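Me: I am new to this structure and would like to learn how to read it. Can we go through it feature by feature?
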Amino acid sequence: MKRIYSVLVENRAGVLCKVAGLFWRRCFNIDSLAVGETDDREVSHMIIVSSGDKKTLEQIEKQLNKKLDVIKVKTFDEHEAVSRELMLIKVKYNRDNRRDIMENCSIMGAQIIDMSKSLMTIQICDTPERVEMFLETFRTISIVELTRTGTIAVPKCTGTV
Amino acid sequence: MTGADAIIKCLVNEGVEYVFGYPGVAIAPFFDSILESGIHSILVRQEQNAAHAASGYARISGKTGVVAVTSGPGATNLITGIATAFADSIPMVCITGQVNSKLMGSDVFQEADISGAVESFVKYSYILRDAADIPRVFKEAFMIASTGRKGPVLIDIPIDIQQANISRYVYPEDVKMRTYKPTVSGHAVQIKKVITALGKVKRPILCVGGGVHLSDGVAKVRAFAEKFGIPVVSTMMGLSAMPSDHPLYFGMVGNNGQQYGNRAMNESDMIIMVGARVADRSISQPDLITDNKILVHIDVDPAEIGKNAGPNVPLVGDISHIFTKFLEQEPAADYSAWVKVLEGYRNVGEHTRQKNIKDAIRQADPDGIHPATFIRALSLAMDENAVYVADVGQNQMWSCANAWIRSGRFLTSGGMGTMGYAVPAAMGAQVADPDRQVVAVCGDGGFQMTMMELATIRQQNIHAKIVVIKNGYLGLVRQYQHYSYKDRYSVVDLGSWPDLEKLTQAYGMDFIRVSRKEEQEKAIEDFLADSAPVLMEVDVAMELLS
């Protein structure tokens, strides 16, 4: 089971380490982790995606709440939230595959943001599933470098969370 | 006023009377400022023991124990003591000196990242980077350590922060932390649920843990058991919450507990766990304890509830508060038939146990002493309200099963099982209450881990009494190798060292040695009557199992 934890924490030195350390020490998974400041500079927002059985997922929430740097924990399932992930992918292209790549980008709404004679860097910002789907189209293309952020998510406006 | 002066002022504002510690350059300003404060500093002989002493002090005084040590090795030596306190939820504030804040991170002499090192076993930690934060941080630290689920808080203070001048000192009245609000009062609906369930079941049992002592809930829990006629069992940390001779008390549970106590748990139809973690040593199969029974779990820490077993009725809150609410209710069922059944189990169980003890000593050494009978006799001869501090190992198992506690306290390192806990913890307990009889009972392995504290005991005129049950082995490991490795003994032989008589001479203490059954009574009498610091060696056969 997957679960998204939206965690507001004090924006202080060492807090990321404490939260990550909690996951490590208690053998909880981190599928992805994204951290950034909020509109309040004293508060950071962490989005942690984790997976495990029901009991583990419940423990994660309780243990997060126990941390004294944690202000608030909200948890929700993927379908209860809108989520996004950003991926940058640098590939080697040639005359044969250039058109294919461009078509795939246009179908998936990805953008080519940097280019040279033989390399291009593509950006896609979408749900984690669609990012994954887009990545699949590069199976036969030589990837030079790839980086993706963790998932960030907010509960749906119409949701109950 | 310097930062160090401010720190001392904070301690005075918190009513701190004793600091257990060990100085060094990085904490020198602190120990300079403490001189005229009226706070008594106790120099231990190794930092770990400062934490154990503070733990014993905290458990007997009900206050927060305070420790102060230097940076680097001073701080890292403290780690085991902090982990021990954390595992048993003991309120403690640990102050560590740190190198100059401008040099932090550059691996200078005696620099260690102590707050990073202890992160997973402190309740919270601070690195002070601005002397102006001192009053706020200390106010928070004492509040965090002593409320909710109690525990150690570490404050790491670079030397330049201790030396800095601060122009304004105001100790805050209260704490403003948006991230920390422990639940104190139990939810009324959940409380009602427990009482309703109690009206429907036939075989309820209360299982008390260390939280009962920590919340100062002993009297209320006892009163509740008596009012409702509910039998009680205890975890190791809960020992002495019920007097040993209480008719409703059915011993310690767990893999080192009484068979009749475990049987009572198994056959009950409702378990009320109070301030206990449902940890592996007390409940070996947590998944099964909810089979065919109602499990109520009462704890101040919501994360403990459901961690090891999913309760039917979770109840978060302070035990003292919750049992005050319970006591407002009237019992709606009678469990005397169930209590009768358990009395039968207890009679048979005790009879078998005593017989086994007799058989074991007859086989091993007919005229010798069995630690079980010795501990029973010792504890019966002790003052009614005495503090019994058990170390870790076989001696601890014998103590748990045989120490007879009336209105006294039983202290041990239950969660972490830290060898060497007893001597320094007894020292702290005696400091907390100088008029109370305090006896530390150790094995010869654990004793040697902290025996350097005999010097502290002498120097500070601490009136501790120490028993060393000596069998020349790391007995509990030896016993484990006996069962699990078919008597292939590996690295458990301690030899006969040290000569404890000579050792006590070196420290100017009285010494009593006892090895024969017929000498036991007289030895105990002399030991307890001695007005000087005294150590008693009890020689026992290595074959005896706990």
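Reply: Start with pairing: two strands count as paired if DSSP finds at least two bridges between them. This is a predicted model. In it, Tyr5(A) stands opposite Ile48(A) in β3(A). The strands β1(A) and β3(A) pair in the antiparallel sense over nine bridges.

Me: In what order do the four strands of the open sheet in chain A stand?
Reply: Strands of a sheet pair through backbone hydrogen bonds, either parallel or antiparallel. Here the order is β2-β3-β1-β4 (chain A), and the pairing is antiparallel. β2 and β4 (70-76) of chain A are the edge strands with a single partner each, so one side of each has no neighbour in the sheet. On average, neighbouring strands of this sheet are turned by 15° against each other, direction ignored.

Me: Which strands does helix α2 of chain A lie across?
Reply: Helix α2 (residues 54-66) of chain A lies across β1, β3 and β4 of chain A. Its direction is at about 160° to β4(A).

Me: Into which domains is chain A divided?
Reply: Chain A has domain 1 (2-76) and domain 2 (81-155). Their C-alpha centres lie 28 Å apart. Eight residues of domain 1 of chain A are in contact with seven residues of domain 2 of chain A. On the domain 1 side, β1 (2-10), β2 (32-37) and β3 (43-51) of chain A each supply at least two residues.

Me: How many residues of chain A are in contact with chain B?
Reply: There are 13 in chain A, in contact with 11 residues of chain B. The elements of chain A that give two or more residues to this side are α1 (15-25), α2 and β4. From α2(A) comes the largest share, five residues. The side of chain A that touches chain B has three nonpolar, three polar and seven charged residues.

Me: Now a strand in chain B. Are the faces of β16(B) covered or uncovered?
Reply: In a regular strand the side chains alternate between the two faces of the sheet. For β16(B), both faces are covered. Lys465(B), Val467(B) and Ile469(B) are buried on one side, and Ile466(B), Val468(B) and Lys470(B) are buried on the other. Six of the six residues of strand β16 (residues 465-470) of chain B are thus listed as buried.

Me: Which strand is joined to β16(B) by five bridges?
Reply: Strand β15 (residues 438-443) of chain B is joined to β16(B) in this way, and the two run parallel. In this pair, Ala440(B) stands opposite Ile466(B). β16(B) also pairs with strand β18 (residues 534-539) of chain B, in the parallel sense over six bridges. There, Met536(B) is the bridge partner of Val467(B).

Me: Which residues touch the most other members of the largest nonpolar core?
Reply: In soluble globular proteins, nonpolar side chains tend to be buried together. The largest nonpolar core here has 172 residues, and those touching the most other members include Val389(B), Ala440(B) and Val467(B). Helix α17 (residues 422-432) of chain B gives the most to this core, with eight residues. Among the residues that Val389(B) touches are Gly56(B), Leu411(B), Ala425(B) and Ala440(B). A second, separate core of 15 residues includes Met46(A), Ile48(A), Ile60(A) and Leu64(A). Ile48(A) is the residue that Tyr5(A) stands opposite.

Conventions
Residues are numbered from 1 along each chain as its sequence is written. Chains are lettered from A and ligands numbered from 1 in the order in which they are written. This is a predicted model: local features need pLDDT of at least 70, side-chain atom pairs count only at pLDDT 80 or more; totals for chains, interfaces and linings use all residues. Domain bounds come from an automatic or database domain assignment. Two residues are in contact if their C-beta atoms, placed from the backbone, lie within 7 Å. Axes are lines fitted to C-alpha atoms, for helices over the stretch in contact, and angles run from 0 to 180 degrees between N-to-C directions. Ala, Val, Leu, Ile, Met, Phe, Trp, Tyr, Cys and Pro count as nonpolar, Asp, Glu, Lys and Arg as charged, and the others, Gly among them, as polar. A residue is buried if 20 or more other C-beta atoms lie within 10 Å of its own, exposed if 12 or fewer, and partly exposed in between; C-beta atoms are placed from the backbone. A nonpolar core is a set of buried Ala, Val, Leu, Ile, Met, Phe, Trp, Tyr and Cys residues joined through C-beta atoms within 7 Å. Lists of a residue's contacts leave out its neighbours within four places in sequence.
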